[in-house]
Amino acid sequence: MEKFRKEYIAQIKGLTKEQFEALEQISLILNTATYKDSLIESVLDLIIDVVNAERGLFANIENEQFEIISARNVEKEKVEDLSEFSSSLIKRILETKKSMVYHDVQSDPNLSQFESVMLHNIKSVLGVPIKKDEDIWGIILVDSTKNRKEFSDENLLFLNFLSNLISLSLEKIINLEALKDENEILKNQVQSVNNIPEMIGDSKPMLQLSKLVTKVAVTDATVLITGESGTGKELVAKAIHKLSDRVNNTFIAQFCGSIPDTLLESELFGYKKGAFTGATKDKKGLLEITDKGTFFLDEIADISPSLQAKLLRVIENKEIIMLGDTKVKSIDVRIIAATNKNLNQLVKEGKFREDLLYRLNVFPIKLPTLAERVEDIALLVKDFLSKINDRQITVESKTLKLLESYSWPGNVRQLHNVLKRAVILCEGNKLTSEHIIIEEWDSTSLENSTIKNMERQMLKERLEKFSGNKKLTAQSLGVSVRWIQLKLKEDKFLSDE
C-alpha cells in the first residue's frame with residue numbers, strides 16, 4: 001500500500017502544468033456528469049486536445065470482446081465510420097492489458113504489419129486500458145496520421161493517471177444509471193396497478209384509465225375528458241393535477257353550462273373597474289388566479305362562439321386580456337376540459353370551433369360508464385357507505401346483486417344518491433333490497449336536489465300509493481311506523497296534504 005502511494009505521488013509530480021490544468025477540467029466533468037455517454041464524449045474531446053491527436057475512441061470491454069461506443073475527431077464531432085480505426089491496436093491493448101504509446105507506429109514491425117494501420121496511414125498512437133480491480137472494462141485510444149511529439153511517455157503517464165479517475169467516475173455513473181433504470185421500472189409497475197387518486201375501482205377499464213392518467217399527468221398536454229354524466233370527469237381532472245408537477249399550485253374547476261356568456265367571461269378573464277355596470281373595482285379572473293396551476297373547464301361544449309375564440313387564444317398563446325382592458329397578460333395554466341356531448345358533431349353543426357377542438361383534444365380520455373365496470377360496484381358501495389354514515393353497515397349479497405344488475409344511466413353519481421337514500425331508510429346495520437329504491441334517473445333534477453327533498457318526495461309518493469296508510473307505507477319502505485310519524489312531524493306539508 002505504501003509502495004503504491006509513493007508511486008501515485010510520483011506520478012502526480014511528473015505531470016506538467018498543462019496536464020494538471022487538463023486534469024482539473026476533466027475532474028469537473030467527472031464530478032458533474034450523470035450520464036455515461038456524455039461523460040465519455042467530453043473526456044475524449046479534452047484528451048484529443050491535450051495530446052494533439054486527430055481522433056479518439058472509447059471501447060467498452062465485455063467478455064473479452066470490445067465494442068466502440070464513442071468516437072470523436074479534433075473538430076469535436078462524432079466519427080460515424082468506425083472502420084477508420086485500427087481494431088488490431090485495440091486488441092493488442094486488450095491482450096497485453098498494458099498501455100501503448102508510439103510516436104511512429106510505422107517503424108515498429110510488430111504493429112506496422114496490421115492492415116488497418118497501413119490502410120489508414122496511422123503514424124502516432126496512444127492507448128490506455130481502464131481497469132476495475134484487475135479487469136479491463138474500457139480502452140481509450142487516440143491516434144494521428146502524422147508524427148506527434150505529444151505522443152510521449154509523459155502523456156502516457158497523464159492518460160494512465162486519468163484512466164484511474166475515469167474508472168472511479170464510470171463506476172459511480174453506471175451504478176446511478178442502474179438505479180435510475182430500476183426506479184423507472186418500479187414507477188412504471190406502480191403506475192400500471194395504482195388507482196387514480198380518489199377514484200375507486202380495479203376493473204380492466206379503470207386500470208386502463210389509470211395508465212392513461214398517469215402517463216399524461218407528467219406532461220403539460222391539454223386533456224379532453226369525455227363521458228356520460230356522473231362518470232367522474234372532475235375527479236379525473238383532479239387526479240391529473242395531483243400526479244403532475246403542478247400539484248403544489250392551484251387547481252380550479254369552472255362549470256360552463258347554463259351560465260350567461262358575459263358572467264362566465266368575467267369569471268374566467270376578470271375585469272377592470274368600469275368595464276360594465278357594477279364593476280366598481282378591478283377583479284382578477286380565475287385563469288389568472290390559476291397561474292402555474294391547472295384549470296378545469298367542465299361542460300366546455302356549452303360556451304358561446306365568442307368565448308370559444310378567447311379560450312383558443314389562452315391555449316395557443318398563454319395570454320389573457322381582462323374585460324375593459326387592452327393590456328395582454330401572460331399566464332402559465334394547464335387546461336383540462338370535459339364534456340358529455342359529441343364535440344365532433346357540434347363542429348359539423350357549426351356550434352363549436354374546429355380549431356379549438358384540435359387544441360383541446362391533444363390527449364383525449366373517455367371515461368367508462370358504471371355499466372362497463374360492474375365489478376367495481378362492490379368496492380364503490382363499500383367506500384360510499386363508509387363516507388355516508390358513521391355506522392358499520394353491511395350489504396346483503398342479494399342486495400349487491402340487485403345493484404350490480406341495474407344499468408345505472410346516472411352512473412356513479414346515481415349509485416351514490418341511491419345509497420344515501422338507502423342509509424336513511426336503514427335503521428339497523430344491514431342494507432337489504434327493501435332499502436334500495438331506484439327511480440327513473442333525471443340527471444338535471446337529481447343534481448340540483450338534496451337528499452332531504454328526495455326523501456320527502458319518496459315518502460309522499462308511498463303515502464299516496466297506500467292512501468295515507470302509515471303501516472303499509474312503512475312496510476313498503478322497510479322502516480318503522482315510528483320513523484314515518486317522525487318524518488311527518490318534521491315535514492308538516494305532508495301531513496297537511
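**Entry 1: after H4.** I started at the end of helix H4, where Lys 97 follows with a positive phi near 60°. For the helix limits I took DSSP runs numbered from the N terminus: H or I of at least four residues for helices, E of at least two for strands.

**Ground rules.** I am reading a predicted model, where local features need pLDDT of at least 70, side-chain atom pairs count only at pLDDT 80 or more, and totals for chains, interfaces and linings use all residues. Residues are numbered from 1 along each chain as its sequence is written, and side-chain values use heavy atoms, with hydrogens and water left out.

**Entry 2: H4 itself.** Which residues of H4 (residues 87–96) are buried? I found Leu 89, Ile 90, Ile 93 and Leu 94, with buried meaning under 20% relative accessible area, exposed over 50% and partly exposed in between (1.4 Å probe, protein chains only). They sit on the same side of H4 because they cover an arc of only 140° around the axis, the arc being that of the directions from the helix axis to the C-beta atoms.

**Entry 3: the sheet.** Next I traced an open sheet of five strands, in the order E2-E1-E5-E4-E3 and with antiparallel pairing. I counted two strands as paired if DSSP finds at least two bridges between them. E2 and strand E3 (100–102) are the edge strands, each pairing on one side only. From one strand to the next the twist averages 15°. H4 lies across E1, E2, E3, strand E4 (124–132) and E5, and runs at about 140° to E5. Axes here are lines fitted to C-alpha atoms, for helices over the stretch in contact, and angles run from 0 to 180 degrees between N-to-C directions.

**Entry 4: E1 and its partners.** Strand E1 (residues 55–62) is mostly covered, with six of its eight residues buried. Eight bridges join E1 to strand E2 (residues 65–73), antiparallel, and Gly 56 stands opposite Arg 72 there. I checked the hairpin too: two residues lie between E1 and E2, and Asn 63 takes a positive phi near 55°. To strand E5 (residues 135–144), E1 has six bridges, again antiparallel. In E5, Leu 57 has Leu 141 as its bridge partner, and Asn 60 has Gly 138.

**Entry 5: H8 against H9.** How do I describe two packed helices? By the angle between their axes and the distance between the axes. Helix H8 (residues 204–217) and helix H9 (residues 233–242) pack at about 45°, axes 8 Å apart. The contact (heavy atoms within 4.5 Å) is made by Leu 209, Val 213, Val 216 and Ala 217 of H8 and Val 236, Ala 239 and Ile 240 of H9. I therefore call H8 and H9 oblique to each other; under 35 degrees is roughly parallel, over 145 roughly antiparallel, 65 to 115 roughly perpendicular and the rest oblique.

**Entry 6: Leu 268.** I found Leu 268 in helix H10 (residues 261–269). Is Leu 268 buried or exposed? Leu 268 is buried, at a relative accessible area of 4%. Leaving aside neighbours within four places in sequence, Leu 268 is in contact with Gln 254, Gly 285, Leu 286, Leu 287, Phe 295, Leu 297 and Leu 307. Gly 285 is 17 residues from Leu 268 along the chain, with their C-alpha atoms separated by 4.8 Å.

**Entry 7: totals.** I logged 22 helices and 16 strands for the protein. Of its 497 residues, 43% are buried.
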